[in-house]
Amino acid sequence: MSGGKLLGISGSLRAASLNTKLVHEAARIFDPAEFTLADLRLPLYDGDLEDKGMPPEVQLLADQIATADAVVISGPEYNKSISGVLKNALDWVSRTKDAPWRDKPVALMSATGGRAGGERTQWIMRLSLNPFRPRLLVGPEILVGAAAKQFDENGRLTNERYEAGLTELMTALKAEAGLAD
C-alpha cells in the first residue's frame, strides 16, 4: 500500500550520483503516493542576496520540506564532512519562515566510495539538522561503502544486507510519519 508524500534530498549534484540512486531506492521501498527529488542547485548563501528577497528555488525547497510527510537525505562524504551543496541548502532553508524542518520525520543515509560508507557525514548531517528540531530517526544506519559496486545497471541495490537495512529504515520512517500500513 502506498501513501504520503516523500521528499528525497541527495547531497550530490552528479548525474550518476550514488546518493541519488540510494534516495531513489529508498523511495521505491517507502512506496509513497508522491515522491519528489529536491533540486539543490541553489545560489551560494549570501546575506546580501537574502536581503533582496528569498530566491524562489530556496523557497520551493522549504515548501517541499514543509509539505512532505517525511524526508530522506542521502549524502556523500567530502573531506570527512558533508558536501558543500548540502550544507548550503541547510543554511538557506534555515533562513526561510515557518521552520519547515520542525517535527518533520527525517531519515539519514549515505553512499561513499570508501569502506566506512559515510559515518562522519551522517554524524555531521545529524548535528547540522538538530537545531531545526526534526524527528531524526536513530537507525538503522545505512552506510553504503564501496557504493559504486553496490548498484546494478538499473540503480537497484545488489547487496541484501543494505536492502534489508534500507527496508527497515523506510518502514520506521513511514511509521514515524503516521503512514504505516
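Within α1, the buried residues are N19, T20, L22, V23, E25, A26, A27, I29 and F30. Please bear in mind that this is a predicted model. Those buried residues of α1 pack against the strands β1 (5-10), β2 (34-37), β3 (70-74), β4 (105-111) and β6 (142-144), and also against α6 (160-176).

Let me turn to the geometry of the helix. Helix α1 covers residues 18-30, and its 13 residues, at 1.5 Å a residue, should span 18 Å; the end C-alpha atoms are 18 Å apart, so the two values agree. After α1 comes D31, which has a positive phi, near 60 degrees.

I now come to the salt bridges, of which there are six. Which residue does R28 meet in a salt bridge? The partner is E25, at 2.9 Å, N to O. Both residues belong to helix α1 and lie three residues apart, about one turn of the helix. R28 counts as partly exposed because its relative accessibility is 34%, whereas E25, with a relative accessible area of 3%, is buried.

E25 also forms a salt bridge with R156, at 3.4 Å, N to O. This pair links distant parts of the chain, since R156 sits in the loop between β6 and α6, 131 residues from E25 in helix α1. R156 is partly exposed, at 33% relative accessibility.

Technical notes: Residues are numbered from 1 along each chain as its sequence is written. This is a predicted model: local features need pLDDT of at least 70, side-chain atom pairs count only at pLDDT 80 or more; totals for chains, interfaces and linings use all residues. Side-chain values use heavy atoms; hydrogens and water are left out. Helices (H or I, at least four residues) and strands (E, at least two) are DSSP runs, numbered from the N terminus. The expected span of a helix is 1.5 Å times one less than its number of residues. Buried means under 20% relative accessible area, exposed over 50%, partly exposed in between (1.4 Å probe, protein chains only). Contact means heavy atoms within 4.5 Å. A salt bridge is a side-chain nitrogen of Lys or Arg within 4 Å of a carboxyl oxygen of Asp or Glu.
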